[in-house]
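Thanks, everyone. Let me put the chain on the screen and walk you through a few of its residues.

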Amino acid sequence: MGELLQRATRGVDLSSPDAAWQIFHNLMVMLPWAALLWFTLLSVLLGAVVGWWRGRLWTGIGISLVIGPLGLLILWALPSRRGRPTSEDESPPSQ
């Protein structure tokens, strides 16, 4: 933790009024943005697939975009909108 704090405050004058923004900027530079982007895109793609399968395409994309892979669990728990054939929907056998 001390190393992270040291890296975040490197080159920052802690007495300056914008020290918090400089520390925030240093922390943002340390994030693996490419990996986060690919993880988000994969999550949205999986959300679209599961959403399409459950009859909720846009809900799947939206939930996955906002909360990531946890959205897949929520999407799975929602009732499916796809119509399942019932015995009343089937046509009687032809004679």
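Start with Leu75. Its relative accessibility is 0%, so Leu75 counts as buried. Buried means under 20% relative accessible area, exposed means over 50%, and partly exposed is in between, with a 1.4 Å probe and protein chains only. Leu75 lies in helix 5. Helices here are DSSP runs of H or I, at least four residues; strands are runs of E, at least two; both are numbered from the N terminus.

A word on the source. This is a predicted model: local features need pLDDT of at least 70, side-chain atom pairs count only at pLDDT 80 or more, and totals for chains, interfaces and linings use all residues. Residues are numbered from 1 along each chain as its sequence is written, and side-chain values use heavy atoms, with hydrogens and water left out.

What does Leu75 touch? Leaving out residues up to four places away in sequence, the list is Gly47, Val50, Gly51, Arg54, Arg56, Thr59 and Gly60. Contact means heavy atoms within 4.5 Å. As for Leu57, 18 residues from Leu75 along the chain, the two C-alpha atoms are 10.0 Å apart.

Now zoom out. The protein chain has 5 helices and 0 strands. Of its 95 residues, 21% count as buried. Take the contacts with a separation of 6 or more: residues 24 or more positions apart account for 33% of them. The chain exposes about 7800 Å², and carbon and sulfur atoms supply 68% of that. Accessible areas come from the Shrake-Rupley method with a 1.4 Å probe; for residues, only the protein chains shown count as cover.

Next, the aromatics. How many aromatic pairs are there? The count comes to 2. Rings of Phe, Tyr and Trp (its six-membered ring) pair if their centres lie within 6.5 Å; planes under 30 degrees apart count as stacked, over 60 as edge-to-face and the rest as tilted.

Trp21 and Phe24 make an edge-to-face pair, because their planes stand at 90°, with ring centres 6.0 Å apart. Both sit in helix 2, residues 19-30, and they are 3 residues apart, about one turn of the helix. Trp21 is exposed, at 63% relative accessible area. Phe24 is partly exposed, at 42%.

Trp53 and Trp76 form a stacked pair: 5.2 Å centre to centre, 25° between the planes. Trp53 lies in helix 3, residues 33-53, and Trp76 in helix 5, so this pair ties together parts that are 23 residues apart in sequence. Trp53 is partly exposed at 46% relative accessibility. Trp76 is partly exposed too, at 48%.

Stay on Trp76. The charged end of Arg54 sits over the ring of Trp76, 5.3 Å from its centre. The rule: NZ of Lys or CZ of Arg within 6 Å of the ring centre and within 35 degrees of the ring normal. Arg54 is also one of the residues that Leu75 touches.

Leu4 is in helix 1, residues 2-8. Leu4 counts as partly exposed, at 40% relative accessibility. Beyond its neighbours within four places in sequence, Leu4 is in contact with Leu27 and Met30.

Last stop: Ile67. Ile67 lies in helix 4. Its relative accessibility is 41%, so Ile67 counts as partly exposed. That's my tour; over to you.
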